[in-house]
Amino acid sequence: TGICRSDDHVITGGLVMPFPIILGHEAAGIVESVGQGVTSIKPGDKVIPLFIPQCGECNSCLSTKANLCSKNDIGSAAGLMPDGTTRFTCKGQAIHHFVGTSTFTEYTVVHESAVAKIDSAAPLEKVCLIGCGFSTGYGAAVQTAKVEPGSTCAVFGLGGVGLSVVMGCKAAGASRIIAVDINSDKFAKAKELGATECVNPKDFKKPIHEVLIEMTGHGVDYSFEVIGRTETMIAALACCHYNYGVSVIVGVPPAAQKITFDPMLLFTGRNWKGSVFGGWKSKDSVPKLVADYMKKKFVLDPLITHTLPFTKINEGFDLLRTGK
């Protein structure tokens, strides 16, 4: 299982969920057993749990334009299985599930619509990233924004998801990929994965969107906010071209915060979009992404900075919080 900032957002209250709860949502594992009526998965299968399920029946699943299955538990935040029950207890007390996955545990229970069977040869310790971080960032570029060859992109935030956006922009053929982060330690890896320039907002007296407009002459074609802060969401919107720019919100927005911005930013023609799980239909796309990884169409190793035993999970979160 990978550690994602969204898990930490629950601890800090930025993403409100019921407690007590077993967090974790970016993982890969092996099926131990299946419930009655389950047909697409069998014991021994290698799988990736899907925090965005794909029921195949709701209006989002039936639309070619959508991927946010209505059976997801992000919006409702019930912390329960789709049937309204929990399968975790501790000392007789019910424990909540996290977005239908709960992967910080040796065993978890997921709904059949929230798990994808993958190549039996896939290395679980690598492809677990396809369960969230890689797919979310890479898809935001190639699926949601549909970055075109020769275009100019700006990526705000260079964590695992932001680096995956950089990889997606590169794969789509962008000619300039400007990486933006207040931690300059992240620039070397961003360049290794395709960033052409790196900018630290702390190095400038003027707002970062003005810096990016100056660098490009008219703003970028595509911008991505991969942090989850309202200030950077507005900066990302403002730095893209006033008439045809597309800005995508990838980071989970903080709870109870609202955005106030000049509507002229949109009136002139900009597109402001959101992207959940990179716009991929999860059950359909995850096995294909794993297959692409096995064919070496993209790399995952640079996104893995540390491998820790499960007992050191809190040290893992400390590394996340310190930007390491």
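Tutor: A record comes first, for orientation. UniProt, in an unreviewed entry, lists residues 1–119 as "domain: Alcohol dehydrogenase-like N-terminal". In this model, which is predicted, residues 1–119 are 10% helix and 13% strand.

Now to the rings. Two rings pair if their centres lie within 6.5 Å, and by this rule there are 7 aromatic pairs. One of them joins Phe134 and Tyr138: the ring centres are 4.7 Å apart and the planes stand at 25 degrees. Planes under 30 degrees apart count as stacked, so Phe134 and Tyr138 make a stacked pair. Both residues belong to helix α4, which covers residues 133–145, and they are 4 residues apart, about one turn of the helix.

As for accessibility, the cut-off for buried is under 20% relative accessible area. Phe134 has 1% and is therefore buried; Tyr138, with 13%, is buried as well.

Tyr138 also pairs with Phe298, with 5.7 Å from centre to centre and 45 degrees between the planes, which makes this pair tilted. Here the partners come from distant parts of the chain, 160 residues apart: Tyr138 sits in helix α4, while Phe298 sits in the loop between α10 (282–294) and α11 (313–321). Phe298 is buried, as is Tyr138.

Taken together, Phe134, Tyr138 and Phe298 belong to one aromatic cluster, which also includes Tyr293.

Notes:
Residues are numbered from 1 along each chain as its sequence is written. This is a predicted model: local features need pLDDT of at least 70, side-chain atom pairs count only at pLDDT 80 or more; totals for chains, interfaces and linings use all residues. Side-chain values use heavy atoms; hydrogens and water are left out. Rings of Phe, Tyr and Trp (its six-membered ring) pair if their centres lie within 6.5 Å; planes under 30 degrees apart count as stacked, over 60 as edge-to-face and the rest as tilted. Helices (H or I, at least four residues) and strands (E, at least two) are DSSP runs, numbered from the N terminus. Buried means under 20% relative accessible area, exposed over 50%, partly exposed in between (1.4 Å probe, protein chains only). UniProt positions are given in the numbering used here, feature names are shortened, and annotations may be inferred rather than shown by experiment.
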